[in-house]
Amino acid sequence: MRALATLVMAILSAGCTDPSAPVEAREDAAVGSRDVAAPEPGDPPATGPTLLSETGLYSDFASRTVSPGLFAFATRYDLWSDGAQKARWLYLPPGTKIDNAQMDHWVFPVGTKAFKEFRYAGKLVETRLLMKVRDGTRHDWWQAAYVWKEDGSDAVARLDGVKDALGTGHNVPKQADCTSCHSRVRDGLVGVSAIQLSDPTQNPLGALAAAGRLSTAPPTTIEVPGAGVVKDALAYLHANCGHCHNAESDIQKQTELDLRLLVSHKAPEETGAYTTTVGVRMKHAEESGATEIVVKGAPERSGLWLRMGAGDVTVMPPIGNQTMDPVGLETIRQWIAGWN
Ligand code: HEC
Ligand code: HEC
């Protein structure tokens, strides 16, 4: 419990959106090399609609007709969220483009909206919105989870989160938790990125480029390095951990672990999952008892696997789930076990 409390404190202070928080804590929230003006301590948090029916997701709410012009997309590698079924849409204001000149660090036009819908056993529970309301402050994005009413007549922004939403056992995160995962990449969105849109069958990346929505032509194919379980493990760590553990993240002050893939990575050995793990001493060893992040061939002595919930430790990822992902855990175990 102590460990959990410390972690929660660390995350809250690092990802704090509260404008009344001490300036020092807010300084920590800056994502290192973000190309925006230095934020003022008094920047007000972004505000946005209180009802989903006011967000523009649907052109006809009653029949759940998604507005024309919204771009439906799936991520190539899924984030585990208690086994939810998800749907996602992107809206870009007419005539605007995403600045993707840095292929791994996209910057979005003001007015961008991204939606993500969560269903549990088919039941519509929450729809999340990230909406860029301005440029150049620390609080550029309105972020909210809209929790559906039982009768489906609308969904309401619940900034304080909801436990066991609609009796599904799923907890809807608080607004401050959105910041923890969405403020540690260059500009808010995590799955709207070259690697995550690179599914070869659906090719959402190619579709965005063809629609004239990218400033720079993306690579025609993107492959995660490696094969078999190595490839699966790198993809899993990218999707589930890379939004917090990456070279631009303020969490680098706490651990240099880097699990985010870059388009330029061609071999597993070039990725942070290799260069920042094997033989690297844990900064937070007390959490799991392991002294190294990865010990080749020995998952049971590797902090990376242990922190994913294999023991009685502060589980990684630290928020967003009530259950751990059995498939992901087994992928990581096999990857480390087979490493020699
Ligand atoms: C544990 C980390 C985590 C938390 C907490 C979290 N998200 Fe996300 N979110 C992600 C990741 C990773 C993706 C991309 C992968 C995916 O969509 O499955 C994502 C995707 C999204 C998307 C689709 C656009 C994009 O960035 O790809 C929206 C919209 C979104 N989240 C909104 C929210 C809101 C609003 C909250 C808070 C209520 C929230 N998220 C909390 C990790 C998180
Ligand atoms: C919401 C942000 C967030 C996400 C997502 C996240 N982590 Fe972490 N992680 C942290 C923070 C903050 C720390 C440092 C404090 C601590 O050790 O609890 C940390 C520490 C760690 C450490 C200890 C590193 C050391 O040097 O001691 C490991 C290992 C780790 N995380 C693995 C993972 C893995 C694997 C995933 C994905 C399955 C993941 N994390 C997802 C925030 C996150």
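**Reading the model**

Modeller: Let us begin with His182, which lies in helix α3; helices (H or I, at least four residues) and strands (E, at least two) are DSSP runs, numbered from the N terminus. This is a predicted model, where local features need pLDDT of at least 70 and side-chain atom pairs count only at pLDDT 80 or more, while totals for chains, interfaces and linings use all residues. Residues are numbered from 1 along each chain as its sequence is written, chains are lettered from A and ligands numbered from 1 in the order in which they are written, and side-chain values use heavy atoms, with hydrogens and water left out.

Colleague: Which donor from the protein does the iron atom of ligand 1 have?

Modeller: Donors are N, O and S atoms within 2.8 Å of the metal (3.2 Å for Na, K and Ca); water is not among the atoms, so sites may look incomplete. Here the iron atom has a single protein donor, His182 (NE2), 2.1 Å away.

Colleague: In what order do the 6 strands form the open sheet?

Modeller: Two strands pair if DSSP finds at least two bridges between them. The order is β3-β4-β5-β6-β7-β8, with antiparallel pairing. β3 (71-73) and β8 (155-157) stand at the edges with a single partner strand each, so one side of each has no neighbour in the sheet.

Colleague: Is Lys116 buried or exposed?

Modeller: Buried means under 20% relative accessible area, exposed over 50%, partly exposed in between (1.4 Å probe, protein chains only). Lys116, in strand β5, is buried, because its relative accessible area is 18%.
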